[in-house]
Amino acid sequence: MIDNIQRIREEARIRISSIEDLEELDRLRVHYLGKKGLITTILHQLKNLEDEKRRELGATINKAKDELESEISLRKNELRKLQIERELEKSQPIDVTLPGSVPLEAGSLHPITRVTHQMVNCLKRIGFSVVSGPEVELEYYNFEALNTPEHHPARDLQDTFYINKPVLLRSHTSPVQIRTMKSKQPPLQVLAVGKVYRSDYDVTHTPMFHQMEGLMVDHDISLADLKGLLGYFIKNIFGARPLRFRPSYFPFVEPGAEVDMQCVLCKGNGRECRMCSSTGWLEICGCGMVHPNVFKAVNYDPDRYTGLAFGMGIERIAMLKYGIEDLRSFFENDYRMLEQF
Ligand code: PHE
């Protein structure tokens, strides 16, 4: 019987190694190892044998069975690989350098990023460089050093997100003025750009928005420089337009002004214009000459130096430039809106 098994085993081994076809291999598996296969049948016959004989033969047969199983699966893998290779040989080679059939969607810059780049680049051309400061700021930089002490009524307008007094989210980019002046000596010509926070939410206000702030300090900076500078800026961003400087109050400048630009929609005639609420003017910026108290706070001598400062909302500029009516649409991440830029 052992001889018989060895013979079957040998014969199977030769047949397996010479088989060239997956289906044939499977038929061979059934022939030997299937329910009625040769090996299975012999295993069934074992039960008629005596104990000792059965143990001896059982071990041999099981070993043969295991070996056959693993040989079959090895051959199966070989044949599969061969099959894939043959198919690859038959098919056309792939040119991976050909352009794809589905065009790739190109991303684009967010409108706020775009406008920021334009605004900053325009001022870089006349000598400004960009500085930055933290969004999580101290009350001292956001208010006190900017001539806005604790109980000053001007704080109400911007008294906003406190993390833990005296730590707050900056309500404007002006604290960067203080940080810059504390670390550098005049002459200075810097821009601070970034996010600011206020607790407002409606069509023209969001709790987070962006500002760009400019600061210039030297021996002889004057209001004429401020006017010339903003005229140049507006001409660059919107084209030549009349501007008006309206006296206004910010604690950290004196004198202070708000700058209005002639309405881009009604061209200043103001007739039933929803863009400028029929006033003919669009407010774009706060500005003024640096207050002597601010210079004192940073240890600059107010008798030696003068300075100009201006600050504007970037969203506001983008809305006017692109005719966007709802400020909130910048932050809703609606592709239909963003794709247009
Ligand atoms: N920081 C002021 C604001 O956010 C704007 C401003 C900046 C005004 C610089 C004057 C000078 O309202």
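My entries follow, grouped by topic.

**Entry 1: what I am looking at**

I note first that this is a predicted model. I checked the domain assignment of the protein chain, and it gives domain 1 (2-90) and domain 2 (111-338). I then looked up how far apart they sit: the C-alpha centres of domain 1 and domain 2 are 84 Å from each other.

**Entry 2: the ligand and its shell**

Which residues come nearest to the ligand? I found 14 residues around the ligand, and the nearest are His172, Ser174, Arg198, Gln211 and Gly311.

For His172, an N or O atom of the side chain is 3.0 Å from a nitrogen atom of the ligand. Arg198 places a polar side-chain atom 2.9 Å from an oxygen atom of the ligand.

How much of the ligand's accessible area does the protein cover? On its own the ligand has 320 Å² of accessible area, and the protein covers 93% of that.

I also wanted to know which elements supply the shell. Strand E6 (208-218), strand E9 (281-290) and strand E10 (306-313) are the elements that give two or more residues to the shell around the ligand. E10 gives the most, with three residues. By residue class, I noted six nonpolar, six polar and two charged residues in the shell.

**Entry 3: the sheet of seven strands**

I traced E6, E9 and E10 into their sheet. The sheet is open, has seven strands with mixed pairing, and runs in the order E1-E5-E6-E10-E9-E8-E7. Strand E1 (129-131) and strand E7 (243-247) are at the edges with a single partner strand each, so one side of each has no neighbour in the sheet. From one strand to the next, the twist averages 25°.

I zoomed in on one pair. Strand E5 (residues 188-197) and E6 are antiparallel and pair over ten bridges. One detail I kept for the record: Leu191 has Gly214 in E6 as its bridge partner.

**Entry 4: the sheet of three strands**

A second look turned up an open sheet of three strands, in the order E2-E4-E3 and with antiparallel pairing. Its edge strands are strand E2 (136-138) and strand E3 (162-164), and each pairs on one side only. The twist here averages 35° from one strand to the next.

E3 and strand E4 (residues 167-169) pair over two bridges in the antiparallel sense. Asn164 is the residue that stands opposite Val167 in E4.

Where are the cis peptide bonds I noted?

- Pro186 and Pro187 are joined by a cis peptide bond with omega of about 0°. I located Pro187 in the loop between helix H8 (175-183) and E5.
- Glu254 and Pro255 are joined by a cis peptide bond with omega of about -5°. I located Pro255 in strand E8 (residues 253-262).

I flagged Asn147 too, as it is not a glycine and yet has a positive phi of about 60°. Asn147 is in the loop between helix H6 (139-142) and helix H7 (155-158).

Definitions and conventions. Residues are numbered from 1 along each chain as its sequence is written. This is a predicted model: local features need pLDDT of at least 70, side-chain atom pairs count only at pLDDT 80 or more; totals for chains, interfaces and linings use all residues. Side-chain values use heavy atoms; hydrogens and water are left out. A residue is near a molecule or strand if one of its heavy atoms lies within 4 Å of it. A polar contact is a pair of N or O atoms within 3.5 Å; within protein, one must be able to donate a hydrogen and the other to accept it, and residues adjacent in sequence count only if both atoms are side-chain atoms. Accessible areas come from the Shrake-Rupley method with a 1.4 Å probe; for residues, only the protein chains shown count as cover. Helices (H or I, at least four residues) and strands (E, at least two) are DSSP runs, numbered from the N terminus. Ala, Val, Leu, Ile, Met, Phe, Trp, Tyr, Cys and Pro count as nonpolar, Asp, Glu, Lys and Arg as charged, and the others, Gly among them, as polar. Two strands pair if DSSP finds at least two bridges between them. Axes are lines fitted to C-alpha atoms, for helices over the stretch in contact, and angles run from 0 to 180 degrees between N-to-C directions. Domain bounds come from an automatic or database domain assignment.
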